[in-house]
Structure formats: structure tokens, C-alpha cells
Amino acid sequence: MKRHLPPSHYSLKIRNYSWLAKIEVYESGAFESGGFKWKLIFYPNGDKKNNGENYISLYLAIVETETLHVGWEVNVNFKLFVYDHLEDKYLTIQDTNGTDVKRFHEMKTKWGFGQFMSLVTFKDPSIGYLVDDSCVFGAEVFVVTHTRSWESLSLVQPLPIGQKLSTIWEIENFTEVGKVVHESDKFTLGGKEWYLRIYPSGFGDNKGKAVSLFLMPSNWANNPTKAAVYAKYKLRILDRVHGKHTEYTAQYCFGTSRYLGYGSGSGNIISLKDLQNPENGFMVKARVAVEVEFLKEAFADALERRQKFCVFVDKTLQTLNSVGETCRCKSMDKGKVNPSVNNVV
């Protein structure tokens, strides 16, 4: 069934779908309806664990349940939508005859459709759901208040050639006895705080073998939208003598509900043997220089009138502390880390 009326509670507009399709799952920012917080969970290539092969998958999830009482449950009649650009209508997807009520509780926090729509249908521009690499999804959650929010994902053009989105961190007394981990000062990108964490003698399985370096989100638990941030980045240990830097490139979804506050990076960006070899130029007079460069990011911010915009940054948007500017270093004897999920801490 299609209708002209937009979803009354939440809309998610995705620009540059082809980039998002490289990611397994996207979690939207949080929105409120009926006194509870919700988010959409979108699988651009289908939820393989729920028979979503060759489909797109879309779910509604309840979030921030830690504030609810023990034994909580929320009964909801909800609808999910996808916009038809050609007909200027919204296709409505709902279980059974539209009267089905789903029970959200501690053991079941999301409901939706593993086979929301076939990829063949969705990607056919003559049908109208994916046009100019853009698409729109929505939700109505009938617990019910009328608090419509938007989240828009779009590509931001890079800065002129020669500029890059990076910062350099100078660490003195890198191998000081008793220092298990160093952490940089915090820096800001797109309204989000980051910092770098480095283990001079390695972390986890790499302890005593290599240097471990991670990019960390800072203070995101207080982010009101709880929106995830996808980043493609490079970490480098700089060779100050020959310019032959060692680097690690990766992309990761920071700030998801499961790994809120966790970082991503390399457990063995450089071996201790190579670092300590004075001919290599990585450590000069006990000083090490570390660089992070953002190649692409997507971040979500809440604006006035309950609008949220998620912006993809390709190569460059702004300079973190300017190219070559150094962050002052502070050291920690202990750091809380989690060794799971591919070098995520």
C-alpha cells in the first residue's frame, strides 16, 4: 500500500547509497515516540542471519532501555516506509493486516523485516525507490506522539588538493619505564571528540612484540542522538629520518550501541625491533611522532527543530589542529580496553 502522507515520527534520508552499501549495517540516530527512544537498523545488502540474502533489511529497535524498570515491556503497532520518488508516495510495510502488535522487551528489543525489499527491485531506478543514489526510509511507532525527526546522509566535497584532514601527536619519553599506555589530548571533528591511544610495548597478544595504536571516540555516551559514526582512516608512525612511514588503514563504525566508546586500530602497527632500530628513524631521542588522517567519515548531529544530518566527508572537510600541529601528550598507567572485535578497544 502506498500513500502521500510522510511517516509521522521519523524519516531517514540516505544520499550516496553506493558508499553506504559497503557497510554491513547502519544504525540511525535515536528518536522519541510514546515516551520511549527508538532507532532504525538498516542492512543495505540484507541481514544474512535473517534470510536477507539479496534483499535490503530494515528493523525498528528500542534503545536506552537501561532507564526502564525491571521486567519492562512495550507493546507497539508500527509501520516502516520506503519512498517512491517517481510517484511521490511512501510504500508502507507492516505485518499481517495492519493490526498486529509487537511486544518489545528485554529479550526482544527489535522487530522488522529481513526481506524488506529485494535488491533487484530496490536498485531499479525505473521503479523509483533508489534514484540518483538517494533513498528515504521512515517509521511510525504507535505508542504515539507526533515528533517527526529527520536524518540526512550526504557527501561533502573535499578541500582543495594539498590539504588533508589530519593531526600529528608528538610523544616524549615514549619507552619510559612503567608507562603502559599513552593517550593524546582530545580533538574535535564534526562535533565529535576523538583521541589516540598507544601502547609502547603492545596490547593483548602483541604485548612485548609490537606497538599497538588505536583511534578512540571520546565522551560519546553523552551524545543525545546516539548516532553511529563511520570513519575510514589511516594511522601512521612517522619516520623522521627517511620519510618511510609505517601506516595502517581501516574503516570502522564508532559509537554503535553494542560498542559505544570502543575504538579501532592496529595491534601491531610496528614491531618493537623496527621501532627501536635507530637507523629506521621512528624513535629519535626517545621521541615518537604519530599521525591520524581521516579519509572518509560520516557523522550525525542534532540541529534545531529536531532535524539531524549525517554528513559523509570524502578525504577532507576541515583540518584537525592543522597539518603538522602537535597535540600535547599525557600518559596513563592503566587503560580500560576490550580486546574483542578485530583490534577494537
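A cavity is a set of points, on a 1 Å grid over the protein atoms alone, where a 1.4 Å probe fits but cannot get out; lining residues have an atom within 4 Å of a point. Grid points are joined across faces, edges and corners, and a volume is the space filled by probe spheres set on the points.

This is a predicted model, in which local features need pLDDT of at least 70 and side-chain atom pairs count only at pLDDT 80 or more, whereas totals for chains, interfaces and linings use all residues. Residues are numbered from 1 along each chain as its sequence is written, and side-chain values use heavy atoms, with hydrogens and water left out.

**Cavity**

The structure holds one cavity of 30 Å³ or more. The largest cavity contains about 50 Å³ of space, and its lining consists of Phe78, Gln94, Asp95, Asp100, Lys102 and Phe113.

**Confidence**

The predictor's confidence in each residue is expressed as pLDDT, from 0 to 100. The protein chain has a mean pLDDT of 78, with 73% of its residues at 70 or more. Residues 154-159 stay under 50, and the model gives this stretch 19 contacts (heavy atoms within 4.5 Å) beyond four places in sequence. Residues 299-345 also have pLDDT below 50, with 161 contacts in the model beyond near neighbours in sequence. Where pLDDT is low, the predicted coordinates should not be read in detail.

**Nonpolar cores**

A nonpolar core is a set of buried Ala, Val, Leu, Ile, Met, Phe, Trp, Tyr and Cys residues joined through side-chain atoms within 4.5 Å. Buried means under 20% relative accessible area, exposed over 50%, and partly exposed in between, with a 1.4 Å probe and protein chains only. The largest core has 39 residues, and Tyr17, Phe116, Phe122 and Phe137 have the most contacts inside it. Strand 7 (residues 73-84) supplies the largest share of this core, five residues; strands are DSSP runs (E, at least two residues), numbered from the N terminus. A second, separate core of 29 residues includes Leu165, Trp169, Ala231 and Ile269. Beyond four places in sequence, the contacts of tyrosine 17 include Phe42, Ile56, Leu119, Phe122 and Cys135.

**Strand 17 and its partners**

In strand 17 (residues 210-218), nine of the nine residues are buried. Two strands pair if DSSP finds at least two bridges between them. Strand 17 pairs with strand 16 (residues 192-199) in the antiparallel sense over seven bridges, and tryptophan 194 stands opposite proline 217 of strand 17. Strand 17 also pairs in the antiparallel sense with strand 20 (residues 264-271), over five bridges. Leucine 213 has serine 266, in strand 20, as its bridge partner.

**Residues around strand 8**

Threonine 92 is located in strand 8 (residues 89-93). Threonine 92 counts as buried because its relative accessibility is 10%. Apart from residues up to four places away in sequence, threonine 92 touches Met1, Arg3, Lys79, Leu80 and Phe81.

Most residues other than glycine have a negative phi. Glutamate 64, in the loop between strand 6 (55-63) and strand 7, has a positive phi near 55°. Aspartate 88, in the loop between strand 7 and strand 8, has a positive phi of about 55° although it is not a glycine. The accessibility of these residues is tabulated below.

| Residue | Relative accessibility | Class |
|---|---|---|
| Glutamate 64 | 23% | partly exposed |
| Aspartate 88 | 43% | partly exposed |
| Threonine 92 | 10% | buried |

Technical notes:
Helix = DSSP H or I, 4+ residues; strand = E, 2+ residues; numbered from the N terminus. 1 Å grid on protein atoms, 1.4 Å probe; cavity = no way out; pocket = protein on both sides within 12 Å on 5 of 7 lines; lining within 4 Å.
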